Amino acid sequence: MVIGYRHTGIIVKNMEKSLYFYRDILGLEVVQNYSDGTDYINKITGITNADVHMIKLKAKDGTIVEILEYRNHPTELMEQQIYNAGACHIAFQVKDANQTYNILKDKGITIISQPILSSEGIAKVFFCLDPNNVRIELVEMLDA
């Protein structure tokens, strides 16, 4: 049935803040930036009068993250606990976890943990929050 992974979509409250985080801080490249209020978007989302601003961003490995702002529907920031059911974080691989941690900290990003060695000893990992309270896991894979 499934033949591949397409993208991850994140609903955002503020497109400018979210774009700054994903593009300017994390370094993802914008590959599409468009709005849609057509019958198509209303039908596939199951809402009416949609006005959706969508930006697709690509990591160096080709992975796509899509940020979506529903401009005429109220969007509230929700705090999702790490142990609740559902999609609760997105993980990005980085070259240097300590350097990434320091950059994010200097930019005022909310940091959940400092980089630490994973329990299986193969990665250095830490978490932060994006502007929408989505948990972002940053992973440095260590040489075996």
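# Strands, salt bridges and a pocket

Guide: In this predicted model, Lys58 stands opposite Ile64 in S4. Residues are numbered from 1 along each chain as its sequence is written, and local features need pLDDT of at least 70, side-chain atom pairs 80 or more, while totals for chains, interfaces and linings use all residues. Side-chain values use heavy atoms, with hydrogens and water left out.

Visitor: In which sense do S1 and S4 pair?

Guide: Parallel, over four bridges; S1 spans residues 8-11. Thr8 is the residue opposite Val65 in S4.

Visitor: Why is S4 called mostly covered?

Guide: Buried means under 20% relative accessible area, exposed over 50%, and partly exposed in between (1.4 Å probe, protein chains only). Seven of the seven residues of S4 are buried. Ile64, Glu66, Leu68 and Tyr70 lie on one side, and Val65, Ile67 and Glu69 on the other. In a regular strand the side chains alternate between the two faces of the sheet.

Visitor: Which residues of helix H1 are buried?

Guide: In H1 (residues 15-25) they are Met15, Ser18, Leu19, Phe21, Tyr22 and Ile25. After H1 comes Gly27, with a positive phi near 90°.

Visitor: What makes Asp24 and Arg23 a salt bridge?

Guide: The term asks for a side-chain nitrogen of Lys or Arg within 4 Å of a carboxyl oxygen of Asp or Glu. Here N and O are 2.7 Å apart, so the pair qualifies.

Visitor: Are Asp24 and Arg23 buried, partly exposed or exposed?

Guide: Asp24 has 42% relative accessibility, so it is partly exposed. Arg23, at 35%, is partly exposed too.

Visitor: How many salt bridges does the structure hold?

Guide: Two. Arg71 and Asp51 form one of them, with their closest N and O atoms 3.1 Å apart. That pair links distant parts of the chain: Arg71 sits in the loop between S4 and S5, Asp51 in the loop between H2 (39-45) and S3, 20 residues apart. Arg71 is partly exposed because its value is 41%. Asp51, at 28%, also counts as partly exposed.

Visitor: What makes S5 and S6 edge strands?

Guide: Four strands form an open sheet of mixed pairing, in the order S5-S8-S7-S6. S5 and S6 (116-117) each pair on one side only. S5 and S8 (residues 135-141) run parallel over five bridges, and Arg135 in S8 is the bridge partner of His89.

Visitor: Which residues lie nearest the centre of the largest pocket?

Guide: They are Leu26, Lys60, Gln93, Val94 and Lys95, out of 24 lining residues. S5 (89-93) and H3 (97-106) each supply at least two residues of the lining.

How values were computed:
On a 1 Å grid over the protein atoms alone, a cavity is a set of points where a 1.4 Å probe fits but cannot get out, and a pocket is an open set with protein on both sides within 12 Å along at least five of seven lines; lining residues have an atom within 4 Å of a point. Two strands pair if DSSP finds at least two bridges between them.
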